[in-house]
Amino acid sequence: MKIRKVVESFRPNDRYRCGCNTAIEPVICRPSDRWFYNEIPDTVRILEATMRRIQSQTTANYRYSNLGKKFSIQSGEFSGINPWPYPFQYINDLSEYMDSMKSQEFRVLLTKYTGLPMHQGRHGWHQDGGPIHKFFLIVRKEDPEHANLKMMPWDAYRFCQPTEGVEYRSNGGWQGEGGYYYFDIEKITCMPHLEVGDVIFFREDVYHDTQDVIKDRMALIFNVVTA
């Protein structure tokens, strides 16, 4: 598989930075749109055919999906998880600070200046820019039970939203003029256990999170314009 050969050619200090921050990522971590069409055209065709098939089997009228009007790759990114040695990879589960943006930004800088996997590839609950659909293809993965994506379905999100005029925060609550409104985010989360070769696609404004960073993983993200 050509994509896997590309990943295997990465130097360790380049691989550690793939997916952590665009400011310090090597060029090889972010293939251009032409790279997809020139280097892996068969994969692109398979993904488009899969999307078309799912669209044809969908009877519901998804008002906001913008799915299937066209299929054009805008950009891409290799995104890795690089676990620390045992037992340090479990630190994220012991401290809420490790999941905060301040912690992530600090570890990005450490990764940049030390060449070591200080960032690990951890991302808390967030949305991405768009409007695009993301195709998340697993290229390398040590264990299907770990390093997966947690997703918050939009119907569950809207059902749990307490009131209009509030903004979601990554700590499991919405913030509004009246303060914070908390809920148990894990109760409305779905998390498919992905293996090498599996792909999951979702709209960029769907909230998603990294399950954990205790096992190695590398994924290739296709940012696809479908509207």
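Here are a few notes on a disulfide and on two further residues in this predicted model.

1. Some housekeeping to start. The model is predicted, with local features needing pLDDT of at least 70 and side-chain atom pairs counting only at pLDDT 80 or more, while totals for chains, interfaces and linings use all residues. Numbering runs from 1 along each chain as its sequence is written, and side-chain values use heavy atoms, with hydrogens and water left out.

2. Helices here are DSSP runs of H or I with at least four residues, strands are E runs of at least two, and both are numbered from the N terminus.

3. The link of Cys-18 and Cys-29 is left-handed, at -80° about the S-S bond. Both Cys-18 and Cys-29 are buried (under 20% relative accessible area; exposed is over 50% and partly exposed in between, with a 1.4 Å probe and protein chains only). Cys-190, at 33% relative accessibility, counts as partly exposed.

4. Now look at Asn-82, in the loop between strand E1 (72–81) and helix H5 (91–94). Asn-82 has a relative accessible area of 3%, so it counts as buried. Leaving aside neighbours within four places in sequence, Asn-82 is in contact (heavy atoms within 4.5 Å) with Arg-15, Tyr-16, Pro-117, Gln-120 and Asp-216.

Note on methods:
Disulfide = S-S within 2.5 Å.
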